[in-house]
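Here's a quick briefing to read alongside the sequence and the 3D view. Grab your viewer and have a look first.

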Amino acid sequence: MSTALIGPLLLLVIVLAAIGAGRRINMWRQGKPDHIPFFKAITAILPRYLHDLHDVVARDKKFANTHVATAGGFVASVLVMLVVYVLGSDSSITYGVLAVTFSVMSVGAYQVKKRRENPPPNLSKGAWQRLPYSLLVFSLSGLCISIIQLLGFVNISIVVTFFLIAGVLLGLTELIFGMTWGGPMKHAFAGALHLGFHRRQDRFAGGRSTGLKPIDLNESKLGVEMATDFHWNQLLGFDACVQCGRCEKVCPAFAAGQPLNPKKLIQDLVVGMAGGDTSHYAGSPYPGKEASKESAKCGAPDTPLFESLLDTDTVWSCTTCRACVEECPMMIEHVDAIVDMRRHLTLAKGETAGKGSDSLDNLIATDNPNGFSPSNRANWSIDLKLDAMSDVGRADVLLWAGDGAFDLAYQRTLRAVVALLRQAKVNFAILGNEELDSGDLARRLGDEATFQRLANANVNTLNKYSFETIVTPDPHAFHVLKNEYGDFGGDYQVMHHTEFLAELVKTNKLTLTEAKTQDVTYHDPCYLGRYNGGYDAPRYLLTAMGFTLNEMERSGFRSRCCGGGGGAPITDIPGEHRIADMRMDDARETGADLVAVACPQCAVMLEGVVMPRPEVRDVAVMLLDRIEREG
């Protein structure tokens, strides 16, 4: 059997793929610069692929095995083909190895085909439906050729030889040529580079990077208006999307019928980067919006995204919960892209959705989003006679009240924390009226200018005093103080109140009594859990208090958002359901009669669900009840 054509054809495909790679890279480089050391990035690709990417893929065990067999078999097959057909190392050993690699790939390709026979709604179709057949044709053709050569058969007809070599060429065209020229496999090329040149280098090897990056307010253009206003490695990340729809499955806005589908958004941004229209997209549309060739929209690198490609309601529907980011196997940062576009809408165009403009105006005028007098910020604590940092100058703990200090319901949590700190004899103080809004809401709504003003003012105040730890019951303030104030000179040890209280219980500074057994379920706040990994402390406290914890189906890193983050209650984009109602349905399914929370915003959202429903209580309030019974 003559296989002399395979080597030249393989080299030709590789050369054409290299040309396509150059074109693709030039397309990404239209974006703003972001320097990542080249060799450091390249050497990081393999360990990040094997560890970080597959940590996410492995959440679906069956598909993880399929991916390993298919991708691993393909890479190994191509490498051995180069050895055999280009370098001329043809022997029974190399043909045997080639047969094994093609066999492994065939098994994986068959599983991909089965998965695509009746694909779930989150999987895109279209060109993706032909991919299993390309994989099978390539792997089976290569397997037949390698077996024929291994066994030494020579009297193979020209017709059979032609079809087998054509099958290999078809597969090479789809799998290698298509990687760099825009086929379904383009995610393999873009995804590998994305892992190395990722804009958040700290995300890998067990790290966590969730704080938004500041922008220079003196730049000529603020935020992202056109695709080329993104950083080049963000564009690279968009191109890495495999259209698996994992982000779509977990997005609370999509589930609520609001006009956001994170997968569709990323594909639209690819159109904005590469040009063309959205007619080739074959996945779920934005809820409430038709996706067809007739309704296709156009994009181009030098055209404003909201001029013809995107609707503003899409980016204002996001709760910034990072569920999409957590589930994305390609490590794409959807939330960063959404906030970047919000920054342009708010700062450059003054088009903040819903009541967002009113809240931002209040933040500018009164340093809180509801327009309350800043001189009343510490009123919640007047009868508690708390030490103020302005009087004492130093304390072990600085209790950060957060803007919820104006809210009567949230004050129950604040007062419970105060009582618990006093019970444990913790030396603490508050800023009182010197404390300003943390700026979280302004930043998520895209008003980077107001956020930076508030951050700088708060940092200047905090840096006047001496303290070891900041403790706050507000996960949004906790996140901003811990992860985003560092860019403005504020590097502090910050703890959420559940973390600090858990330490007090573990060290016996708070003693608990026996409690009557009661079923409780716990709702993970997004800004405590997914943003900061704060899953264990609240559960430890609930268990220590003697409660029976009934976990919701979506809990921990897969917890469903309450709908209260990212300014969503203020922008108030309509949908078919309320996100908080869906979350309370999750709680009802557990049979628990009490929902424990650890965030004032979550409490507000869940308490807003109409009765009958389980009672909603903060962990600190529940803990104080136990301590008071001890006395």
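This is a predicted model: local features need pLDDT of at least 70, side-chain atom pairs count only at pLDDT 80 or more; totals for chains, interfaces and linings use all residues.

Residues are numbered from 1 along each chain as its sequence is written, and side-chain values use heavy atoms, with hydrogens and water left out.

**The sheet**

- Four strands make an open sheet in the order 8-7-9-10, with parallel pairing; strands (E, at least two residues) and helices (H or I, at least four) are DSSP runs numbered from the N terminus, and two strands pair if DSSP finds at least two bridges between them.
- Strand 8 (548–549) and strand 10 (615–618) sit at the edges with a single partner strand each, so one side of each has no neighbour in the sheet.
- Strand 9 (residues 594–597) runs parallel to strand 10, and four bridges join the two.
- Leu594 has Glu615 as its bridge partner in strand 10, while Val597 has Asp618.
- To get from strand 9 to strand 10, the chain goes through helix 26 (residues 600–607) in a right-handed β-α-β crossover; right-handed here means that, with the strands pointing away from the viewer, the path from the first strand over the helix to the second runs clockwise.
- Val616 and Asp618 make up the covered face of strand 10, and Glu615 and Arg617 the uncovered one.

**A bent helix**

- Helix 6 (residues 158–181) bends by about 30° at Thr173, the bend being the angle between axes fitted to the seven residues ending there and the seven starting there.
- Just after helix 6 comes Gly182, with a positive phi of about 100°.

**Salt bridges**

- The structure has 41 salt bridges, each one a side-chain nitrogen of Lys or Arg within 4 Å of a carboxyl oxygen of Asp or Glu.
- Lys186 and Asp239 pair up at 2.9 Å, N to O.
- That pair links distant parts of the chain, with Lys186 in helix 7 (residues 186–197) and Asp239 in helix 8 (residues 232–239), 53 residues apart.
- Lys186 counts as buried because its relative accessibility is 12%, and Asp239 does too, at 0%; buried means under 20% relative accessible area, exposed over 50% and partly exposed in between (1.4 Å probe, protein chains only).
- Glu607 and Arg412 form another salt bridge, at 3.6 Å, N to O.
- Glu607 is in helix 26 and Arg412 in helix 18 (residues 408–423), so this pair ties together parts 195 residues apart in sequence.
- Glu607 is partly exposed at 27%, and Arg412 is partly exposed at 47%.
- Asp581 and Arg578 also form a salt bridge, with their closest N and O atoms 2.9 Å apart.
- A network of salt bridges links Asp340, Arg343, Asp440, Arg443, Arg444, Glu448 and Glu484.

- Asp474 lies in the loop between strand 5 (466–472) and helix 21 (475–483).
- Asp474 is buried but has no salt bridge, and the nearest side chain of opposite charge is Arg377, 8.7 Å away; Lys and Arg count as positive and Asp and Glu as negative, with His and the chain ends not counted.
- Leaving out residues up to four places away in sequence, Asp474 touches Tyr410, His496 and Pro600, where contact means heavy atoms within 4.5 Å.
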